[in-house]
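Dear colleague,

I am handing over the structure below, and after it you will find what I found when going through it. Please keep the model open beside this email while you read.

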Amino acid sequence: MTKIIGLTGGIGSGKTTIANYFKSLGIPVYTADDEAKKVMKFPKIIASLKENFGEEIFKNDNLNTKKLAKIVFNNPEKLNSLNKIVHPAVKKHFDQWLLSHKDAPFIIKETAILFESGSYKYCDKIINVNSPMETRIKRVMERDKTTREDVLKRINNQWSEEQRSSKSDFVINNATFEKAKKQVDKIFNLLINQ
């Protein structure tokens, strides 16, 4: 079975950019956030979401992610409920995806909450992407068209850089992409030759 390399980092750290660079090197990448969005359209998941968060988070059976985010990011209990609905379905989806990439030297599983969700337990190695706090805040504000306060709330709902780094095999400092690429190249060569 191919090796599973977990790729994580706080919101705005640039982990998707790093994942895309691995993809450009020919490594299959499973982006948990994107796949979770697909999974959340499964009828069984829609029913669970309606039951737990109410009909008002849907409009014509389309999930209003902003409404859902407002509910869960201000309420750790609700966030936990959401995770209990979505994570098992994403894990099952990932296991099926992995079977179709079993001949790859390794795959990247990119997820913001690798540790919080417990999915780090299924990884052979873990890469954490760090970025300066102000860079992260600026990236998310621009990307999500949101306020600094909202970004900080989301950051505070995730593990700290120190917590993630202490449990990771590799740490990429993504202050600039050029420097980060060199670090990815080193990690790629180590993993490909194991």
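**The sheet and the helices on it**

Strand 2 and strand 5 (residues 106–110) pair in the parallel sense over three bridges, where two strands are said to pair if DSSP finds at least two bridges between them, and where helices (H or I, at least four residues) and strands (E, at least two) are DSSP runs, numbered from the N terminus. Before going further, please note that this is a predicted model, in which local features need pLDDT of at least 70 and side-chain atom pairs count only at pLDDT 80 or more, while totals for chains, interfaces and linings use all residues. Residues are numbered from 1 along each chain as its sequence is written, and side-chain values use heavy atoms, with hydrogens and water left out.

Within that pairing, Val29 has Ile108 of strand 5 as its bridge partner. Helix 2 (residues 32–39) packs on the sheet, where it touches strand 2 and strand 5, and its direction makes about 55 degrees with that of strand 2; contact here means heavy atoms within 4.5 Å, and the axes are lines fitted to C-alpha atoms, for helices over the stretch in contact, with angles running from 0 to 180 degrees between N-to-C directions. Helix 5 (residues 76–99) also packs on the sheet, touching strand 1 (3–9), strand 2 and strand 5, and its direction makes about 165 degrees with that of strand 2.

The sheet as a whole is open and has five strands in the order 2-5-1-6-7, with parallel pairing. Strand 2 (29–31) and strand 7 (170–173) stand at the edges with a single partner strand each, so one side of each has no neighbour in the sheet. From one strand to the next, the twist averages 20 degrees.

Asn174 is placed in the loop between strand 7 and helix 9 (177–192). Is Asn174 buried or exposed? With 3% relative accessibility, Asn174 counts as buried, a word that stands for under 20% relative accessible area, whereas exposed is over 50% and partly exposed is in between (1.4 Å probe, protein chains only). Leaving aside residues up to four places away in sequence, Asn174 touches Ser13, Gly14, Ile18, Val129, Asn130, Ser131, Arg139 and Ala180. A polar atom of the Asn174 side chain lies 2.9 Å from the backbone oxygen of Ser13.

**Salt bridges**

There are eight salt bridges in the structure, each being a side-chain nitrogen of Lys or Arg within 4 Å of a carboxyl oxygen of Asp or Glu. In one of them, the side chains of Glu35 and Lys38 meet at 3.3 Å, N to O; these residues are three apart in helix 2, and are therefore separated by about one helical turn. Glu35 is buried, with a relative accessible area of 13%, whereas Lys38, at 46%, is partly exposed.

Another salt bridge joins the side chains of Glu134 and Arg148 (2.7 Å, N to O), and this pair links distant parts of the chain, with Glu134 in helix 6 (residues 133–144) and Arg148 in helix 7 (residues 148–156), 14 residues apart. Both are partly exposed, Glu134 at 47% and Arg148 at 37%.

Finally, Arg164 forms a salt bridge with Glu161, with the closest N and O atoms 3.3 Å apart. Arg164 and Glu161 are both buried, and a network of salt bridges links Arg136, Glu161 and Arg164.

Note on methods: Polar contact = N/O pair within 3.5 Å; in protein donor to acceptor, adjacent residues only side chain to side chain.
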